[in-house]
Amino acid sequence: MDEIKKQMIAVCGIDCGSCDIRNAPSDPKAAERLVSWFKDQGWLKEGEGIDEVIARSMYCMGCRGDRSVHWSSECWILRCCVDDKGLEYCYECEDFPCLRLKEWAKGSAGYTEALARLERLKETGPVDH
């Protein structure tokens, strides 16, 4: 797998390539969706937009990017997989899939798909996905 594709799949299996949080700084439509969501959550005030999102580093450069610009720099999966075990993906762990990862995957359809993606990667290895 080349470096670009490696950059697009998070250690937890999330497809960063389709993520508005990651794409907002360079994709106006993603920025519009993200700003709208942040306003719905109360994280941005009326009149604030993508400039404030960027200024506050409220976007993500991916797990392998600068962690000061990461949606969840304190992510337990990132810490466990990369920091503690020195792995690139959770599926490389001898405990994969661990109970904690299985519970995390129940949190949303996106997380469920991320776990399924990791399971496929474990079977096939890191190829086009």
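This is a short tour of the structure, with something to select at each stop.

**Before you start**

The model is predicted, so treat it as such: local features need pLDDT of at least 70, side-chain atom pairs count only at pLDDT 80 or more, and totals for chains, interfaces and linings use all residues. Residues are numbered from 1 along each chain as its sequence is written, and side-chain values use heavy atoms, with hydrogens and water left out.

**Stop 1: the whole chain**

Show the chain as a cartoon and look for 7 helices and 0 strands. Helices (H or I, at least four residues) and strands (E, at least two) are DSSP runs, numbered from the N terminus. The radius of gyration, taken over C-alpha atoms, is 15 Å, close to the 14 Å that the globule rule gives for 129 residues, so the chain is as compact as a globular protein of that length. That rule is 2.2 Å times the number of residues to the power 0.38. Along its principal axes, the C-alpha trace spans about 50 × 30 × 25 Å.

The accessible surface comes to about 7,700 Å², and 51% of it belongs to carbon and sulfur atoms; the areas come from the Shrake-Rupley method with a 1.4 Å probe, and for residues only the protein chains shown count as cover. Buried residues make up 35% of the 129 residues. Here buried means under 20% relative accessible area, exposed over 50%, and partly exposed in between (1.4 Å probe, protein chains only).

**Stop 2: helix α2**

Select asparagine 23, which sits in helix α2 (residues 20-23). Is asparagine 23 buried or exposed? Asparagine 23 is buried, with a relative accessible area of 17%. Leaving aside residues up to four places away in sequence, asparagine 23 touches Cys16, Gly17, Ser18 and Ala30, where contact means heavy atoms within 4.5 Å.

**Stop 3: helix α3**

Move on to arginine 33 in helix α3 (residues 28-41). Arginine 33 is partly exposed, at 45% relative accessibility.

**Stop 4**

Next, select serine 57 in the loop between α4 (50-55) and α5. Serine 57 is partly exposed, at 29% relative accessibility.

**Stop 5: helix α5 and beyond**

Select residues 76-84, helix α5, and colour the buried Ile77, Leu78 and Cys81. Seen down the axis of α5, its buried residues fall within an arc of 90°, so they line one face of the helix; the arc is that of the directions from the helix axis to the C-beta atoms. Which helix do they pack against? The buried residues of α5 pack against α6 (99-105).

Just after α5, find glycine 86, which takes a positive phi of about 65°. Finish in the loop between α5 and α6, where proline 97 lies. A cis peptide bond joins phenylalanine 96 to proline 97, with omega at about -10°.
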